[in-house]
Amino acid sequence: MTAPALLSVEVSSSPVPGASRARPAGGWAPTLPRVAAQGLGRREAWVSGGAEVSSPAGRARGGKCQRRARPEQGLLSELKLTVPWGHIAAKAWGSLRGPPVLCLHGWLDNANSFDRLIPLLPQDFYFVAMDFGGHGLSSHYSPGVPYYHQNFVNEVRRVVAALKWSRFSIMGHSFGGTVGGMFSCTFPEMVDELILLDASPFAMDINEMENLLTYKRRAIEHVLQVEASQKPSRVVSPEEMLQGFLKNNSHVGEECGKLLLQRGTTRGATGLVLNRDRRITWPEYSFDFISRELFTHSIQQLQARVLLVKATQGYSDVRRENDANKEPLMFMVDMMRSILKERFQFVQIPGNHYVHMNAPHHVANVISSFLQSKHRIPAQL
(Lines give C-alpha, C1' and ligand atoms only; values in the text may rest on other atoms or scores of the structure.)
Protein backbone atom coordinates (compact mmCIF):
# COMPACT_ATOMS: atom_id res chain seq x y z
CA MET A 1 0.00 0.00 0.00
CA THR A 2 1.34 3.43 -0.94
CA ALA A 3 1.58 5.78 1.99
CA PRO A 4 0.09 9.27 1.67
CA ALA A 5 2.14 12.40 2.19
CA LEU A 6 3.62 12.50 5.66
CA LEU A 7 2.06 14.95 8.09
CA SER A 8 3.67 17.00 10.82
CA VAL A 9 1.84 17.48 14.11
CA GLU A 10 2.96 19.97 16.71
CA VAL A 11 1.31 20.82 20.03
CA SER A 12 2.59 23.77 22.03
CA SER A 13 2.81 23.48 25.82
CA SER A 14 2.49 27.23 26.29
CA PRO A 15 -0.51 28.23 28.41
CA VAL A 16 -1.11 31.19 26.08
CA PRO A 17 -3.72 30.32 23.40
CA GLY A 18 -2.05 29.71 20.08
CA ALA A 19 -2.39 27.43 17.10
CA SER A 20 -1.59 23.83 16.25
CA ARG A 21 -0.33 23.16 12.81
CA ALA A 22 -0.55 20.21 10.43
CA ARG A 23 1.44 20.42 7.21
CA PRO A 24 1.99 17.88 4.45
CA ALA A 25 5.72 17.34 4.07
CA GLY A 26 6.96 19.81 1.51
CA GLY A 27 3.54 21.45 1.17
CA TRP A 28 0.95 23.52 2.98
CA ALA A 29 -2.12 22.93 5.10
CA PRO A 30 -4.49 25.24 6.98
CA THR A 31 -3.78 26.26 10.55
CA LEU A 32 -6.06 24.55 13.04
CA PRO A 33 -7.03 26.43 16.19
CA ARG A 34 -6.06 25.08 19.57
CA VAL A 35 -9.07 24.45 21.74
CA ALA A 36 -9.88 22.29 24.74
CA ALA A 37 -9.67 18.49 24.91
CA GLN A 38 -12.46 17.96 22.41
CA GLY A 39 -10.66 20.34 20.06
CA LEU A 40 -7.52 18.23 20.23
CA GLY A 41 -9.66 15.28 19.26
CA ARG A 42 -11.11 17.15 16.30
CA ARG A 43 -7.68 18.17 15.10
CA GLU A 44 -6.21 14.70 15.33
CA ALA A 45 -9.24 13.14 13.67
CA TRP A 46 -8.53 15.47 10.73
CA VAL A 47 -4.86 14.54 10.74
CA SER A 48 -5.52 10.81 10.88
CA GLY A 49 -8.12 10.80 8.14
CA GLY A 50 -5.81 8.89 5.80
CA ALA A 51 -4.79 5.26 6.04
CA GLU A 52 -1.38 6.08 7.53
CA VAL A 53 -0.19 9.19 9.29
CA SER A 54 2.89 10.36 11.07
CA SER A 55 4.55 13.35 12.59
CA PRO A 56 8.06 14.46 13.49
CA ALA A 57 8.53 13.11 16.98
CA GLY A 58 12.00 14.63 16.88
CA ARG A 59 15.43 13.17 17.30
CA ALA A 60 17.89 13.65 20.12
CA ARG A 61 19.20 17.17 20.53
CA GLY A 62 16.11 18.72 19.01
CA GLY A 63 16.43 17.30 15.50
CA LYS A 64 13.41 16.19 13.49
CA CYS A 65 12.45 12.99 11.78
CA GLN A 66 9.38 11.55 10.11
CA ARG A 67 7.73 8.44 11.49
CA ARG A 68 4.64 6.70 10.19
CA ALA A 69 1.90 5.67 12.56
CA ARG A 70 0.71 2.06 12.42
CA PRO A 71 -3.12 2.08 12.42
CA GLU A 72 -3.22 -1.71 12.59
CA GLN A 73 -1.91 -1.37 16.14
CA GLY A 74 -4.47 1.30 17.05
CA LEU A 75 -1.86 4.08 17.01
CA LEU A 76 -3.53 7.38 16.18
CA SER A 77 -0.57 9.69 15.83
CA GLU A 78 2.74 10.88 17.21
CA LEU A 79 2.93 14.20 18.97
CA LYS A 80 5.65 16.77 19.47
CA LEU A 81 5.10 18.89 22.57
CA THR A 82 7.07 22.12 22.82
CA VAL A 83 9.06 22.76 26.04
CA PRO A 84 11.64 25.46 26.81
CA TRP A 85 14.63 23.19 26.05
CA GLY A 86 13.14 21.70 22.85
CA HIS A 87 10.32 19.19 22.72
CA ILE A 88 8.81 16.11 24.35
CA ALA A 89 7.88 13.35 21.91
CA ALA A 90 4.80 11.23 22.52
CA LYS A 91 2.49 8.76 20.77
CA ALA A 92 -1.25 8.25 21.16
CA TRP A 93 -3.65 5.31 20.97
CA GLY A 94 -7.37 4.73 21.53
CA SER A 95 -10.37 7.05 21.54
CA LEU A 96 -9.73 10.77 21.40
CA ARG A 97 -12.91 11.31 23.40
CA GLY A 98 -12.09 8.68 26.03
CA PRO A 99 -10.69 9.13 29.55
CA PRO A 100 -7.01 10.10 29.19
CA VAL A 101 -4.16 7.92 30.48
CA LEU A 102 -0.55 9.16 30.48
CA CYS A 103 2.00 6.34 30.13
CA LEU A 104 5.50 6.74 31.59
CA HIS A 105 8.34 4.41 30.58
CA GLY A 106 11.22 3.10 32.66
CA TRP A 107 14.80 4.33 33.02
CA LEU A 108 16.65 4.49 29.67
CA ASP A 109 13.58 3.07 27.85
CA ASN A 110 11.13 5.01 25.68
CA ALA A 111 7.47 5.17 24.66
CA ASN A 112 7.79 1.95 22.62
CA SER A 113 7.80 0.19 25.99
CA PHE A 114 3.98 0.25 25.73
CA ASP A 115 3.62 -0.82 22.07
CA ARG A 116 2.67 -4.39 22.92
CA LEU A 117 0.48 -3.60 25.92
CA ILE A 118 -1.70 -0.64 24.98
CA PRO A 119 -3.35 -2.24 21.90
CA LEU A 120 -4.66 -4.94 24.28
CA LEU A 121 -6.28 -2.42 26.65
CA PRO A 122 -9.80 -0.97 26.29
CA GLN A 123 -9.70 1.30 23.26
CA ASP A 124 -12.40 3.59 24.61
CA PHE A 125 -9.61 5.22 26.65
CA TYR A 126 -7.10 7.71 25.23
CA PHE A 127 -3.52 6.58 25.92
CA VAL A 128 -0.57 8.92 25.44
CA ALA A 129 2.94 7.53 26.00
CA MET A 130 5.69 10.15 26.29
CA ASP A 131 9.46 9.94 25.99
CA PHE A 132 11.11 11.51 29.03
CA GLY A 133 13.64 14.22 28.27
CA GLY A 134 16.94 12.76 27.07
CA HIS A 135 15.19 9.50 26.11
CA GLY A 136 13.72 8.17 22.89
CA LEU A 137 12.85 10.97 20.48
CA SER A 138 12.62 13.78 23.04
CA SER A 139 15.13 16.62 23.22
CA HIS A 140 18.10 16.44 25.54
CA TYR A 141 18.28 18.89 28.42
CA SER A 142 20.28 22.05 27.85
CA PRO A 143 24.03 21.93 28.57
CA GLY A 144 24.80 22.07 32.27
CA VAL A 145 21.35 20.89 33.36
CA PRO A 146 21.36 17.52 35.18
CA TYR A 147 18.63 14.86 35.07
CA TYR A 148 17.03 14.71 38.51
CA HIS A 149 13.84 12.98 39.59
CA GLN A 150 11.99 16.25 40.14
CA ASN A 151 12.77 17.30 36.56
CA PHE A 152 10.83 14.35 35.19
CA VAL A 153 7.86 15.13 37.47
CA ASN A 154 8.00 18.64 36.04
CA GLU A 155 7.88 17.18 32.52
CA VAL A 156 4.63 15.37 33.32
CA ARG A 157 3.06 18.65 34.44
CA ARG A 158 4.16 20.34 31.22
CA VAL A 159 2.82 17.55 29.03
CA VAL A 160 -0.65 17.47 30.60
CA ALA A 161 -0.78 21.28 30.38
CA ALA A 162 -0.03 21.02 26.66
CA LEU A 163 -2.74 18.39 26.25
CA LYS A 164 -5.22 20.49 28.26
CA TRP A 165 -5.86 17.64 30.71
CA SER A 166 -7.21 18.68 34.10
CA ARG A 167 -7.91 15.10 35.27
CA PHE A 168 -6.32 11.93 33.97
CA SER A 169 -4.79 8.60 34.96
CA ILE A 170 -1.13 7.53 35.00
CA MET A 171 0.39 4.19 34.04
CA GLY A 172 4.10 3.92 34.79
CA HIS A 173 6.65 1.14 34.44
CA SER A 174 9.62 1.01 36.81
CA PHE A 175 11.13 4.52 37.08
CA GLY A 176 8.06 5.88 35.26
CA GLY A 177 5.92 4.57 38.09
CA THR A 178 8.09 6.36 40.63
CA VAL A 179 7.74 9.61 38.69
CA GLY A 180 4.00 9.01 38.41
CA GLY A 181 3.77 8.34 42.14
CA MET A 182 5.44 11.62 43.07
CA PHE A 183 3.27 13.51 40.60
CA SER A 184 0.08 11.89 41.94
CA CYS A 185 0.93 12.92 45.50
CA THR A 186 2.06 16.41 44.49
CA PHE A 187 -1.00 17.06 42.30
CA PRO A 188 -3.55 14.69 43.89
CA GLU A 189 -6.59 16.49 42.48
CA MET A 190 -5.46 15.74 38.92
CA VAL A 191 -4.97 11.95 39.02
CA ASP A 192 -7.89 9.48 39.01
CA GLU A 193 -5.98 6.19 38.75
CA LEU A 194 -2.33 5.32 39.27
CA ILE A 195 -1.11 2.06 37.71
CA LEU A 196 2.35 0.93 38.82
CA LEU A 197 3.99 -1.75 36.66
CA ASP A 198 6.71 -3.42 38.75
CA ALA A 199 7.29 -0.05 40.32
CA SER A 200 6.96 1.74 43.64
CA PRO A 201 5.39 5.20 43.97
CA PHE A 202 8.56 6.53 45.63
CA ALA A 203 12.19 5.52 46.06
CA MET A 204 12.34 4.55 49.71
CA ASP A 205 15.24 2.29 50.49
CA ILE A 206 16.63 2.22 54.02
CA ASN A 207 19.52 0.11 52.78
CA GLU A 208 20.74 2.97 50.57
CA MET A 209 20.97 5.68 53.22
CA GLU A 210 24.73 5.38 53.69
CA ASN A 211 25.16 5.71 49.90
CA LEU A 212 23.06 8.82 49.29
CA LEU A 213 25.88 11.36 49.43
CA THR A 214 28.02 9.12 47.23
CA TYR A 215 25.23 8.98 44.65
CA LYS A 216 24.88 12.74 44.61
CA ARG A 217 28.62 13.21 44.25
CA ARG A 218 28.88 10.69 41.39
CA ALA A 219 25.95 12.31 39.58
CA ILE A 220 27.68 15.69 39.57
CA GLU A 221 31.07 14.24 38.61
CA HIS A 222 29.58 12.17 35.78
CA VAL A 223 27.90 15.18 34.17
CA LEU A 224 31.15 17.15 34.32
CA GLN A 225 33.09 14.25 32.78
CA VAL A 226 30.64 13.82 29.90
CA GLU A 227 30.59 17.54 29.14
CA ALA A 228 34.39 17.73 29.25
CA SER A 229 35.00 14.68 27.06
CA GLN A 230 33.29 16.04 23.92
CA LYS A 231 33.42 12.53 22.48
CA PRO A 232 31.10 11.87 19.54
CA SER A 233 28.38 9.28 20.02
CA ARG A 234 29.55 5.76 19.22
CA VAL A 235 28.28 4.33 15.91
CA VAL A 236 27.78 0.56 15.80
CA SER A 237 26.09 -1.99 13.58
CA PRO A 238 22.43 -2.89 14.31
CA GLU A 239 23.46 -6.36 15.51
CA GLU A 240 26.18 -5.02 17.81
CA MET A 241 23.76 -2.45 19.17
CA LEU A 242 21.16 -5.12 19.89
CA GLN A 243 23.59 -7.51 21.56
CA GLY A 244 25.01 -4.75 23.74
CA PHE A 245 21.51 -3.67 24.70
CA LEU A 246 20.46 -7.22 25.63
CA LYS A 247 23.64 -7.74 27.64
CA ASN A 248 22.81 -4.71 29.78
CA ASN A 249 19.08 -5.54 29.97
CA SER A 250 18.80 -9.19 30.94
CA HIS A 251 15.01 -9.00 31.38
CA VAL A 252 14.39 -7.80 27.83
CA GLY A 253 14.06 -10.44 25.13
CA GLU A 254 15.38 -9.97 21.59
CA GLU A 255 12.02 -8.98 20.09
CA CYS A 256 11.34 -6.40 22.81
CA GLY A 257 14.91 -5.15 22.61
CA LYS A 258 14.49 -4.44 18.90
CA LEU A 259 11.25 -2.60 19.65
CA LEU A 260 12.90 -0.30 22.20
CA LEU A 261 15.86 0.34 19.89
CA GLN A 262 13.54 1.37 17.06
CA ARG A 263 12.75 4.52 18.99
CA GLY A 264 15.96 4.67 21.00
CA THR A 265 18.43 4.91 18.10
CA THR A 266 19.08 6.93 14.97
CA ARG A 267 20.38 5.30 11.81
CA GLY A 268 23.35 6.91 10.10
CA ALA A 269 25.40 6.07 7.05
CA THR A 270 27.62 3.58 8.91
CA GLY A 271 25.36 2.27 11.69
CA LEU A 272 23.21 3.17 14.67
CA VAL A 273 23.67 5.80 17.38
CA LEU A 274 21.84 5.79 20.70
CA ASN A 275 19.46 8.74 21.05
CA ARG A 276 19.60 9.00 24.82
CA ASP A 277 21.62 11.68 26.55
CA ARG A 278 24.96 10.33 27.80
CA ARG A 279 24.59 12.41 30.95
CA ILE A 280 21.97 9.88 32.10
CA THR A 281 23.51 6.94 33.96
CA TRP A 282 22.30 4.94 36.97
CA PRO A 283 18.79 5.74 38.27
CA GLU A 284 20.19 5.90 41.81
CA TYR A 285 22.01 9.08 40.76
CA SER A 286 18.66 10.69 39.92
CA PHE A 287 16.31 9.34 42.59
CA ASP A 288 15.03 11.36 45.50
CA PHE A 289 15.14 8.73 48.27
CA ILE A 290 12.59 9.47 50.99
CA SER A 291 12.07 8.42 54.59
CA ARG A 292 9.26 6.26 55.95
CA GLU A 293 7.66 9.34 57.49
CA LEU A 294 7.67 11.30 54.22
CA PHE A 295 6.37 8.25 52.33
CA THR A 296 3.47 7.87 54.77
CA HIS A 297 2.63 11.58 54.61
CA SER A 298 2.76 11.56 50.79
CA ILE A 299 0.50 8.53 50.39
CA GLN A 300 -2.04 10.19 52.69
CA GLN A 301 -2.35 12.95 50.07
CA LEU A 302 -3.32 10.54 47.28
CA GLN A 303 -6.84 10.79 45.91
CA ALA A 304 -6.29 8.23 43.14
CA ARG A 305 -7.14 4.55 43.05
CA VAL A 306 -3.86 2.63 42.87
CA LEU A 307 -3.04 -0.66 41.16
CA LEU A 308 0.40 -2.14 41.81
CA VAL A 309 1.31 -4.98 39.45
CA LYS A 310 4.38 -6.77 40.76
CA ALA A 311 6.34 -9.25 38.65
CA THR A 312 7.33 -12.33 40.63
CA GLN A 313 10.87 -12.13 39.24
CA GLY A 314 10.84 -8.35 39.03
CA TYR A 315 13.28 -5.60 39.88
CA SER A 316 13.17 -5.88 43.66
CA ASP A 317 13.67 -9.66 43.48
CA VAL A 318 16.77 -9.65 41.27
CA ARG A 319 18.34 -6.57 42.85
CA ARG A 320 18.41 -7.91 46.38
CA GLU A 321 19.94 -11.14 47.64
CA ASN A 322 17.67 -11.94 50.58
CA ASP A 323 14.15 -11.33 51.83
CA ALA A 324 15.30 -8.95 54.54
CA ASN A 325 16.48 -6.51 51.90
CA LYS A 326 13.00 -6.43 50.34
CA GLU A 327 11.60 -4.87 53.51
CA PRO A 328 11.20 -1.34 52.04
CA LEU A 329 8.89 -2.66 49.28
CA MET A 330 6.80 -4.63 51.73
CA PHE A 331 6.58 -1.58 54.01
CA MET A 332 5.27 0.51 51.11
CA VAL A 333 2.71 -2.14 50.09
CA ASP A 334 1.47 -2.54 53.66
CA MET A 335 1.26 1.22 54.18
CA MET A 336 -0.67 1.78 50.94
CA ARG A 337 -3.05 -1.03 51.85
CA SER A 338 -3.58 0.50 55.29
CA ILE A 339 -4.05 4.11 54.12
CA LEU A 340 -5.83 3.67 50.79
CA LYS A 341 -7.90 0.63 51.83
CA GLU A 342 -10.30 -0.30 48.98
CA ARG A 343 -8.56 2.19 46.68
CA PHE A 344 -5.42 0.02 46.62
CA GLN A 345 -5.05 -3.22 44.67
CA PHE A 346 -1.94 -5.40 44.66
CA VAL A 347 -1.51 -8.12 42.03
CA GLN A 348 1.45 -10.43 41.42
CA ILE A 349 2.04 -11.76 37.91
CA PRO A 350 4.54 -14.46 36.87
CA GLY A 351 7.35 -12.85 34.90
CA ASN A 352 10.32 -10.52 35.09
CA HIS A 353 10.73 -6.76 35.25
CA TYR A 354 9.57 -6.36 31.62
CA VAL A 355 6.51 -8.58 31.95
CA HIS A 356 4.37 -5.82 30.40
CA MET A 357 6.35 -6.33 27.17
CA ASN A 358 7.20 -10.03 27.40
CA ALA A 359 3.72 -11.20 28.45
CA PRO A 360 1.42 -8.24 27.70
CA HIS A 361 -1.79 -10.30 27.64
CA HIS A 362 -1.41 -11.23 31.31
CA VAL A 363 -0.82 -7.63 32.33
CA ALA A 364 -3.57 -6.29 30.05
CA ASN A 365 -6.22 -8.45 31.70
CA VAL A 366 -5.44 -7.00 35.12
CA ILE A 367 -5.21 -3.39 33.93
CA SER A 368 -8.40 -3.64 31.86
CA SER A 369 -10.35 -4.91 34.86
CA PHE A 370 -8.95 -2.09 36.98
CA LEU A 371 -9.77 0.63 34.47
CA GLN A 372 -13.27 -0.61 33.75
CA SER A 373 -14.37 -1.43 37.27
CA LYS A 374 -14.22 0.16 40.69
CA HIS A 375 -14.53 -3.25 42.33
CA ARG A 376 -11.57 -5.23 43.60
CA ILE A 377 -9.81 -7.63 41.27
CA PRO A 378 -8.16 -10.93 42.33
CA ALA A 379 -5.04 -10.47 44.42
CA GLN A 380 -3.18 -13.29 42.70
CA LEU A 381 -3.21 -14.80 39.22
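Buried means under 20% relative accessible area, exposed over 50%, and partly exposed in between, with a 1.4 Å probe and protein chains only. By that rule Phe132 is buried, at 1%. This is a predicted model: local features need pLDDT of at least 70, side-chain atom pairs count only at pLDDT 80 or more, and totals for chains, interfaces and linings use all residues. Residues are numbered from 1 along each chain as its sequence is written, and side-chain values use heavy atoms, with hydrogens and water left out.

**Aromatic pairs**

- The whole structure holds 20 aromatic pairs (rings of Phe, Tyr and Trp, the last by its six-membered ring, with centres within 6.5 Å; planes under 30 degrees apart are stacked, over 60 edge-to-face, the rest tilted).
- Phe132 and Phe175 pair edge-to-face, because their planes stand at 75 degrees, with centres 6.1 Å apart.
- Phe132 sits in the loop between strand S9 (126-130) and helix H2 (149-162) and Phe175 in helix H3 (residues 175-186), so the pair ties together parts 43 residues apart in sequence.
- Helices (H or I, at least four residues) and strands (E, at least two) are DSSP runs, numbered from the N terminus.
- Phe175 is buried too, at 3% relative accessible area.
- Phe295 and Phe331 form a tilted pair, 6.1 Å centre to centre with 55 degrees between the planes.
- That pair links helix H7 (residues 292-301), which holds Phe295, to helix H9 (residues 327-340), which holds Phe331.
- Phe295 is buried at 0%, and Phe331 is buried at 15%.
- Ring pairs also build a cluster, including Trp85, Trp107, Phe132, Tyr147, Phe175 and Tyr285.

**Charges over rings**

- The charged end of Arg292 sits over the ring of Phe331, 4.7 Å from its centre (NZ of Lys or CZ of Arg within 6 Å of the ring centre and within 35 degrees of the ring normal).
- Arg157 has its charged end over the ring of Phe187, 5.5 Å from the centre.

**Cavities**

- There are three cavities of 30 Å³ or more (sets of points on a 1 Å grid over the protein atoms alone where a 1.4 Å probe fits but cannot get out; lining residues have an atom within 4 Å of a point).
- The largest cavity has about 100 Å³ of space.
- Its lining has 13 residues, and Tyr147, Ala219, Arg279, Thr281 and Tyr285 are the closest to its centre.
- The second largest cavity has about 80 Å³.

**Cysteines**

- The structure has zero disulfides (cysteine sulfur atoms within 2.5 Å).
- Cys103 is buried at 0% relative accessibility, and Cys185 is buried at 10%.

Terms used: On a 1 Å grid over the protein atoms alone, a cavity is a set of points where a 1.4 Å probe fits but cannot get out, and a pocket is an open set with protein on both sides within 12 Å along at least five of seven lines; lining residues have an atom within 4 Å of a point. Grid points are joined across faces, edges and corners, and a volume is the space filled by probe spheres set on the points.
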